[in-house]
Amino acid sequence: MRHQQTMFTSIPIFRALTILKCSNHHHTTTSASMAATPATTVCSAASPSIQDHVTVRAATISLQEWQAWGTDSPMPTQVAQIVEEMVDLERQSDAQMKFGGLGGKLKLKALWGDFKTQEDKKHRAKYKALDDSEQKLHFFSARQIACRLLGSRGYLCQKCWLPQEDCMCSRVVTSNLWHRIRFWLYMHPKDFLRQNNTGKLLWQVFGINAAKLCLFGIAEHEEIMWNAFSHSGRNNVWCLYPNKNTPTKSVEDSFTGCTSNNLLSEPHQTDEGEMFNFILIDGTWSNSAAMFRRLKERADLIWGDDLPCISLSTGASAMHKLRPQPSWDRTCTAGAAVGLLDELHLVSQFNSLGLDKQAEAVENSVDVLLASLTGRRLRMGRSVTRRQRHHDDFC
């Protein structure tokens with residue numbers, strides 16, 4: 001979870017045929033296709049530092065492409081619909097789109113024509129016509145996800161969400177999470193495909209069955225998560241949320257005296273109803289309040305009771321070196337998972353399950369991400385110290 005919004009910049013280079021337009025001369029080069037469906041990219045070399053890339057895209061996001069970003073869920077219907085509408089509008093208008101933004105704000109841009117104006121009017125009118133706040137949230141979230149999917153094609157690695165030239169996948173060491181634990185990354189749409197997001201590390205290390213992605217405001221994702229919670233029961237669901245206005249228990253208080261006889265059972269003997277479900281709210285600190293409120297409302301609707309919450313004694317994460325938090329006692333999403341596993345390991349019933357080693361695997365992946373992001377900043381000539389970049393946007 002983060003306090004300061006960070007930069008989401010995507011330069012799509014999803015292509016089969018690339019046409020480079022330069023100020024003094026033109027030439028055409030052909031490159032191998034970077035995806036199953038070809039597209040055409042036009043690049044402008046007018047900028048001395050960053051080229052603009054605009055892509056004529058495939059009209060759909062395939063299930064394979066969608067799941068490659070870190071989920072095993074079906075393609076959300078409204079996301080697919082918005083992708084098709086945006087690509088259709090691009091084809092119909094004398095303009096093309098690109099994506100980029102500062103401060104975590106997604107900006108849809110056009111190098112020529114009035115695509116941005118048309119798309120902006122269309123989506124604002126649709127949003128205004130929606131009847132209630134729930135429909136508006138679904139539309140907002142779906143559009144954010146659709147834009148990020150289109151803008152990241154061919155630019156970001158689908159596993160680590162870093163630019164392909166900075167891919168860190170080969171340096172991440174995977175591990176098996178104890179089979180009774182399942183993490184739920186309840187992620188804000190503005191954090192989806194964000195390069196400095198740490199929640200993604202959990203499924204990179206443990207796999208998508210042990211660390212599930214649930215996107216805030218995406219109906220299909222939230223239904224999958226709450227169906228799992230309903231099956232497990234309220235006593236097997238906890239939210240890690242350090243809010244002074246919310247009653248919380250420590251890990252020790254929550255699990256000391258746990259009398260389950262199945263802690264040492266084999267994975268194939270474990271029923272879904274016996275899973276320990278931990279919700280990690282993965283968004284900026286300013287966005288997390290609305291996300292937590294939505295979780296509480298759903299818990300009250302299903303169980304008629306509050307959502308159980310756990311507080312950690314975790315200190316500052318290594319990511320503080322690059323990304324400021326509102327206070328030094330708050331940590332990133334992966335850091336919260338590390339703290340939970342470490343504190344569970346100290347509970348006598350859990351200390352033979354290797355949770356400390358699993359925590360170490362996540363901590364090592366945070367170090368890999370930190371090194372990758374630091375190297376990128378240095379290569380781009382940007383500051384890597386907190387004092388110099390406290391108010392900077394992060395690429």
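Biologist: Lysine 212 first: buried or exposed?
Modeller: Lysine 212 counts as buried, at 14% relative accessibility. Buried here means under 20% relative accessible area, exposed is over 50%, and partly exposed is in between (1.4 Å probe, protein chains only). This is a predicted model, where local features need pLDDT of at least 70 and side-chain atom pairs count only at pLDDT 80 or more, while totals for chains, interfaces and linings use all residues. Residues are numbered from 1 along each chain as its sequence is written, and side-chain values use heavy atoms, with hydrogens and water left out.

Biologist: OK, and what does the side chain of lysine 212 meet in a salt bridge?
Modeller: The side chain of aspartate 72, at 2.8 Å from N to O. A salt bridge is a side-chain nitrogen of Lys or Arg within 4 Å of a carboxyl oxygen of Asp or Glu. The two residues are 140 apart: lysine 212 sits in strand 8 (residues 211–215), and aspartate 72 in the loop between helix 1 (63–67) and helix 2 (77–92). Helices (H or I, at least four residues) and strands (E, at least two) are DSSP runs, numbered from the N terminus.

Biologist: Is aspartate 72 buried, exposed or partly exposed, then?
Modeller: Partly exposed, with a relative accessible area of 36%.

Biologist: How many salt bridges does the count come to?
Modeller: 13 by that rule.

Biologist: Which residues are linked in a network of salt bridges?
Modeller: Glu165, Asp166, Arg376 and Arg379.

Biologist: Switching to backbone. What's the phi of tryptophan 161?
Modeller: Near 65°, which is positive, in a residue other than glycine. Tryptophan 161 is in the loop between helix 4 (133–152) and strand 7 (181–187), and it is buried at 0% relative accessible area.

Biologist: And leucine 193, what about its phi?
Modeller: Positive as well, about 65°, although leucine 193 is not a glycine. Leucine 193 is found in the loop between strand 7 and helix 5 (200–206), and is buried with a relative accessible area of 0%.

Biologist: Zooming out, how many helices and strands in the chain?
Modeller: Eleven helices and twelve strands. Of the 395 residues, 52% are buried.
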